[in-house]
Amino acid sequence: MKRTYFKKTKKLFAGLNAEKASGLSFSAAIVGQYIFLLLFLIAARLCGGLKDGYQEKDWFLYCSYLIPQAAFAATAYLYFSRTEASVKDVAKKPRAIYFCVAITLQLGLLSLSSVNGLFLKWLEKFGYTPASPAVPSMGGAKIVPALLVIAVLPACFEELFFRGILFRGMKKFGAVAAVLASAGLFALYHQSPAQTIYQFICGACFALIALRSGSILPTVVSHFVNNALILILEACGVQALPLWLRWRIFYVSTGISTG
């Protein structure tokens, strides 16, 4: 009789319900991000790229923005290929009014400087010191790859992950609980104490729009407009932007500190 020494293990996400699959996807994305980061740093070290000042080099900054998106993309691929859900289910065409609502709401959220300012002052009483985020060069045609990596990719992959996977899996707990929980995870992931309140509100609003529209496409557009607007202002030399507003794009685009 033939013996089986190794039992067949189930594939990741296979056979799980929506709640468990979405929870596992969050863990997988976080672990995947740090695995990708570790592999990237090892490769950079072997290639002699980690010399003095490497954290300010464009190649390093671009990679630091790409790594989280690669983790989201890999996790989303595994999730949608091994569950009954599909990208078409979460990215179906919504009514045009929801695009207008999403963009208008995002522009309104950018005006919450007073809330962030007060929270930042409160954090500073405990010794918190804010630091300006680092960005790649954006002079001339360099704005194009910057928009792609810092605006387009995060808008697509983060919305697909947070609203298309996590929020979708939480709906069975009730609309209110799903909105609050997904918003909390959105704020927690970005690891920015100064932006916690703002990111939570932003995550909750995105979840509400996805819930009412039945699609992540309006929030993808809103997310892109937010990041692209701030990038373009930075590229044009508009330095009068409040520091909290400049943080917004970088902490929403990546959970890896680059500055």
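Visitor: Which residues touch the most other members of the largest nonpolar core?
Guide: In this predicted model, the largest nonpolar core holds 20 residues. H1, H2, H6 and H7 each supply at least two residues of this core. The members that touch the most others are Tyr79, Phe80, Phe161 and Phe162.

Visitor: With which residues is tyrosine 79 in contact, leaving aside its neighbours within four places in sequence?
Guide: Tyrosine 79 belongs to the group of core residues with the most contacts to other members. With neighbours within four places in sequence left aside, its partners are Phe13, Ala21, Ser22, Ala85, Ile165 and Arg168.

Visitor: How many residues does the second, separate core have?
Guide: This core includes Ala146, Val149, Ala228 and Leu231. Its total comes to 11 residues.

Visitor: Is alanine 151 buried or exposed, and what is its relative accessible area?
Guide: Alanine 151 is found in helix H6, and its contacts, apart from residues within four places in sequence, are Ala146, Phe224, Asn227 and Ala228. Its C-alpha atom is separated by 10.0 Å from that of valine 221, which lies 70 residues away along the chain. Because buried means under 20% relative accessible area, alanine 151 counts as buried, with a value of 0%.

Visitor: By class, how many residues does the contact of H1 with H6 have?
Guide: On the H1 side the contact involves Ala18, Glu19, Ser22, Ser25, Phe26 and Ala29, and these meet Phe161, Phe162, Ile165, Leu166, Arg168 and Gly169 in H6. Sorted by class, these comprise 7 nonpolar, 3 polar and 2 charged residues.

Visitor: Which residues does leucine 166 touch, not counting residues up to four places away in sequence?
Guide: Leucine 166 lies in helix H6 and is buried, with a relative accessible area of 1%. Leucine 24 is 142 residues apart from leucine 166 in sequence, but the C-alpha to C-alpha distance is 9.4 Å. Beyond residues up to four places away, leucine 166 touches Ser22, Ser25, Phe26, Phe161 and Leu185.

Visitor: Against which helices do the buried residues of H1 pack?
Guide: H1 has 29 residues and spans 41 Å from its first C-alpha to its last, close to the 42 Å expected. Its buried residues include Glu19, Ala29, Gln33, Leu37 and Ala44. The helices they pack against are H2, H6 and H7.

Visitor: Among contacts between residues at least 6 apart in sequence, what percentage join residues at least 24 apart?
Guide: The secondary structure of the protein comes to 10 helices and 0 strands, and buried residues make up 44% of its 259 residues. Among contacts between residues at least 6 apart in sequence, those joining residues at least 24 apart come to 79%.

Definitions and conventions
Residues are numbered from 1 along each chain as its sequence is written. This is a predicted model: local features need pLDDT of at least 70, side-chain atom pairs count only at pLDDT 80 or more; totals for chains, interfaces and linings use all residues. Side-chain values use heavy atoms; hydrogens and water are left out. Contact means heavy atoms within 4.5 Å. Helices (H or I, at least four residues) and strands (E, at least two) are DSSP runs, numbered from the N terminus. Ala, Val, Leu, Ile, Met, Phe, Trp, Tyr, Cys and Pro count as nonpolar, Asp, Glu, Lys and Arg as charged, and the others, Gly among them, as polar. The expected span of a helix is 1.5 Å times one less than its number of residues. Buried means under 20% relative accessible area, exposed over 50%, partly exposed in between (1.4 Å probe, protein chains only). A nonpolar core is a set of buried Ala, Val, Leu, Ile, Met, Phe, Trp, Tyr and Cys residues joined through side-chain atoms within 4.5 Å.
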